[in-house]
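User: I would like to go through the terms used for this model and see what each one rests on. Please set each value against its cut-off.

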Amino acid sequence: QVLLVFAKEDNQSNGFCWACEKAGFRCNIARTPESALECFLDKHHEIIIIDHRHSRYFDAEALCRSIRTTKPSENTVIIGVVRRHADREESSILPLISAGFTRRYVENSNIMACYNELIQLEFGEVRAQFKLRACNSLFTALEKSQEAIEITSEDHVIQYVNPAFETVMGYQIGELIGKELTEVPINEKKADFLDTINSCIKIGKEWQGMYYAKKKNGDSIQQNVKILPVVGQGGKIRHYVSISRLCNDNNKAEKTCERVQAESQTDIQTSRHKDRRKGSLDVRSTTSRGSDGSSQRRHSSMARIHSMTIEAPITKVINIINAAQESSPMPVAEALDRVLEILRTTELYSPQLGTKDEDPHTSDLVGGLMTDGLRRLSGNEYILSAKQTHQVAGSLISPISLNDIPPRITQAMENEEHWDFDIFELEAATHKRPLVYLGLKIFARFGICEFLNCSESTLRSWLQVIEANYHSSNSYHNSTHSADVLHATAYFLSKERVKQTLDPIDEVAALIAATVHDVDHPGRTNSFLCNAGSELAILYNDTAVLESHHAALAFQLTTRDDKCNIFKNMERNEYRTLRQAIIDMVLATEMTKHFEHVNKFVNSINKPLAALEENGNNGDGESIKTVLTSPENRILIKRMLIKCADISNPCRPIEQCIEWAGRISEEYFAQTDEEKRQGLPVVMPVFDRNTCSIPKSQISFIDYFITDMFDAWDAFADLPNLMQHLDNNFKYWKGLDERKLRSLRPPPPE
């Protein structure tokens, strides 16, 4: 930003205005010293150009001094425009320098001359001031460092020590600055040892090791020291930086911390193939998984958060840790620094994949399911059914009655209350329309029409409209998947612990959310839609694209026609509560928040319940009820319920598990084929129909997403049959993989 201070408009001021516009600089003009100072204090310009040609208007040097007395001017470049005197000898620059001007500009209103002056300033003085401004941040970091830091010149004259150095050594900074190292008894006096250090650092190599230093009071302390030579002008060593850390019994704490961290990492690796067992609460902690350091919030943002009068819980946690650091030994303080780094990331619940050698199937599943796509690399547009006309009630055949269901379909639904219910048998009996029939039966069992105060015919019409807007052409995300998730949801709602926890409105929300959770799914992932620049991705800003569409479309289809509007007779506030719960559950099926939902469930529900049981409070109904029925925890339970229902395929009986694995693989294969055809980024390269190992992909999916989640859900809802299926299915896929088979099933025996 540039501030022009000219009492009157003339060719010179216009020249700089036009030059600013040409250079792309923002420009302000002030006519008086008062307005100039006020404008500068408001905008903090990088360059100020003051007219020094006409002393009768204002005193340019006095104005410059006034500006220089302000704190923001410390890194500002101030230029004085002076008259051109062809017939007089050159005047001295010193009065301008002493007034605070950076340099002078001999008047020249030519636009290119003004432009050249601004560009030279930008790449010269302004850029240098930017670097000086950045130095303040670096010195702030040094001042706050827990390690003792000393900087000396090439001649070993002390130029800087930080507060930690003063504290450790017992000196004040004034006693050290300007002294040679030999004048201050801080180094070990073994000549051969010092020669070894000097011979190393003088050739530009860093030295690290242990040595004894003497404090001001004469005590000797052992330090772990790193000395780094800093190469400067002329390619020569210009400074030495010494970083010291005390070596004492605190090292034990540090080693213990490092050992625990290493063990936790080992536990993660070994738990990848652990036996699936009922009741396990061994869900990987967020700290063990690590977090993405690249997403740290800026320190300035954190400072603003700390200054808020209403503190967020995470801010309180960070403040407590900061306070604890003040009185902690250095190793503990450093461990807390690492904790703070993790807490200050935005992805607290998303695990990091260990290394680039990580299983590619896991990497691709994470990339395909937990991200919103790469940047768009193609001009191709992917237009999905957002442009199509959605099915509405009037365009469908008249609904059947629950009492008129054909015998084969009735028979296929006989055991729908059991987990081993075969959805594929119902799919075949209904000619790929299982959702209407299963929906009618389950909704009747839970009394949904009575709760909503709607007729059975309205419910039938609604189920038909929703099912009609699932794509039967999708191999996986079709109405059979919706019916399967509805069945799992109803099964979970019938479990005793869940029934104790949820209210009737929660049950209604869960069943409706399960029914609509993938409506109008195009058979492609969010990453694909974002990369393809689809209309939905643009509409929802590349964020939870499909899940937002499913929820929005479900309400559009429901409310646009009274014939299928199951909400039309509800009281307004109750409808809003129900609507919010449905939307929240549908959005919870988005995989980018998978680990956040699971870890919140474990920490807010599993662990408190386990603690109550361990403390012998099994019979303390009030304590357990408090954990189960708080509004926040009911939300977590509903999210976990629909998430588990949505990806419960690996917990189904083996034949159903295999069928679902084949269907999802085919859908991913089709996406990879289309990405290659359209020249889009291939978000899951392992899902190439010519090379993919389906057993490996299932093993990775179970290991990374399923095991921990169902361990936690089983500990809550008590689901031994599901965990047994999960164990059997995992062993089945492992068996195929160990035989190097890539197919769904082993070849028939010869």
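**Labels and their cut-offs**

Analyst: Helix H20 (residues 496-501) holds both Glu 496 and Lys 499, three residues apart, about one turn of the helix. Helices and strands here are DSSP runs, numbered from the N terminus (H or I, at least four residues, for a helix; E, at least two, for a strand). The model is predicted, so local features need pLDDT of at least 70 and side-chain atom pairs pLDDT 80 or more, while totals for chains, interfaces and linings use all residues. Residues are numbered from 1 along each chain as its sequence is written, and side-chain values use heavy atoms, with hydrogens and water left out.

User: What makes the contact of Glu 496 and Lys 499 a salt bridge?

Analyst: The N to O distance between their side chains is 3.9 Å. A salt bridge requires a side-chain nitrogen of Lys or Arg within 4 Å of a carboxyl oxygen of Asp or Glu, so this pair meets the rule.

User: Which residue forms a salt bridge with Arg 103?

Analyst: The partner is Glu 117, with the closest N and O atoms 3.5 Å apart. Arg 103 belongs to strand S5 and Glu 117 to helix H5, so this bridge ties together parts 14 residues apart in sequence. Arg 103, at 24%, is partly exposed, whereas Glu 117, at 8%, is buried.

User: Why is Asn 633 called buried, and what does it touch?

Analyst: Asn 633 has a relative accessible area of 10%, so it is buried. It lies in helix H28 (residues 631-646). Its contacts (heavy atoms within 4.5 Å) are Ser 604, Ile 605, Val 627 and Leu 628, not counting residues up to four places away in sequence.

User: How many aromatic pairs are there, and what kind is the pair of Phe 424 and Trp 660?

Analyst: The count is 22 aromatic pairs. The centres of Phe 424 and Trp 660 are 4.8 Å apart and the planes are at 50 degrees, hence a tilted pair. Rings of Phe, Tyr and Trp (its six-membered ring) pair if their centres lie within 6.5 Å; planes under 30 degrees apart count as stacked, over 60 as edge-to-face and the rest as tilted. Phe 424 is in helix H15 (residues 423-429) and Trp 660 in helix H29 (residues 654-678), so the pair ties together parts 236 residues apart in sequence. Both residues are buried.

User: What kind of pair do Phe 555 and Tyr 575 form?

Analyst: Their planes are at 70 degrees and their centres 6.4 Å apart, which gives an edge-to-face pair. It links distant parts of the chain, 20 residues apart: Phe 555 in helix H24 (residues 545-559) and Tyr 575 in helix H25 (residues 572-588). Phe 555 is buried at 7%, and Tyr 575 is partly exposed at 22%.

User: Which residue lies over the face of Trp 419?

Analyst: Arg 652 does, at 3.8 Å from the ring centre. The rule asks for NZ of Lys or CZ of Arg within 6 Å of the ring centre and within 35 degrees of the ring normal. Lys 22 likewise lies over the face of Tyr 115, at 5.1 Å from the ring centre. Trp 419 is also in an aromatic cluster with Tyr 491, Phe 492, Phe 601, Trp 713 and Phe 716.

User: How many bridges join strand S9 to S10?

Analyst: Nine bridges join S9 (residues 220-231) to S10, and the two run antiparallel. Pairing needs at least two DSSP bridges between two strands, so S9 and S10 qualify. Leu 228 has Val 241 in S10 as its bridge partner. The two strands form a hairpin with five residues between them, and Gly 234 in the turn has a positive phi of about 75 degrees. Strand S6 (residues 148-153) also pairs with S10 (residues 237-246), in the antiparallel sense over six bridges, with Thr 152 opposite Tyr 240.

Methods:
Buried means under 20% relative accessible area, exposed over 50%, partly exposed in between (1.4 Å probe, protein chains only).
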